[in-house]
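Here's a walk through a protein model, one spot at a time. Keep the viewer open as you read.

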Amino acid sequence: FLWLDSYASEPVRYLAFAFFWGALVSTLVSLIFNTVGGVLVIGATGATDEGTASSLTAVLVAPPVEETFKGVLLLLFLVFRRHTFDGITDGMVYAGLVAAGFAFTENILYLGRALTEGGTPAFVVTFVLRGIISPFLHPMFTTMTGIAVGIAALSRSTPVKVVAPIIGWCAAVLLHGLWNLSASSGTTGLILGLCFGFVAFVSFVAF
């Protein structure tokens, strides 16, 4: 994402702010809302099994919550720092750095929990899955919002300025939810998710 920024360089302080927004603000607020949302979903569905409850939260709660609090910074930049937001490339850079910061903190939390609850084997599995196989997923998801906000920044049409970010957010939530669903569906689902993720990643890099 810093390489991509070299084509339309933005102030370093804004790039750093985006990263730390994801690493600190988005993760903290998302953790709170995910917990509350998980309780509400469990109460609404009556799920009593811990695995089922965790899967429901991961698929139904986490994607909209996390993509909202990662994406809100893009809208803040668009409204209050419009001179630093010139289009799609800027949207991708800011979104990617926010999501990279988010993934940075989330990975630490997941690795710590895996080590505490499952020991070294669980830690190794979590590291391979999150650190080697799927490190670019969060940036890919949130970049959907970034592209859409970039389109809004370029457009002179009010409907486009309003609708485009919503469509981008929906795409981010959908991709995020599909990945969480595949990861919660056992080995077969995970393999299918990784295959889909690989195709999406190649398409993303090509774009």
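Leaving aside neighbours within four places in sequence, which residues is Leu-129 in contact with? They are Ser-134 and Leu-190, where contact means heavy atoms within 4.5 Å. Before going on, note that this is a predicted model, with local features needing pLDDT of at least 70, side-chain atom pairs counting only at pLDDT 80 or more, and totals for chains, interfaces and linings using all residues. Residues are numbered from 1 along each chain as its sequence is written, and side-chain values use heavy atoms, leaving out hydrogens and water.

Leu-129 sits in helix α4 (residues 88-133); helices here are DSSP runs (H or I, at least four residues), numbered from the N terminus. With 26% relative accessibility, Leu-129 is partly exposed, a label for values between buried (under 20%) and exposed (over 50%), using a 1.4 Å probe and protein chains only.

Thr-143, over in helix α5 (residues 137-154), is buried, at 0% relative accessibility. Not counting residues up to four places away in sequence, Thr-143 touches Phe-1, Met-92, Ala-95, Gly-96 and Phe-204.

Now follow α5 to its partner, helix α6 (residues 158-183): their axes come within 7 Å and cross at roughly 170 degrees. Those axes are lines fitted to C-alpha atoms over the stretch in contact, with angles running from 0 to 180 degrees between N-to-C directions. The two helices are therefore roughly antiparallel, the term for angles over 145 degrees. Among the residues making the contact are Phe-141 and Met-144 of α5 and Trp-169 and Leu-175 of α6.

Note on methods
Angles under 35 degrees count as roughly parallel, over 145 as roughly antiparallel, 65 to 115 as roughly perpendicular and the rest as oblique.
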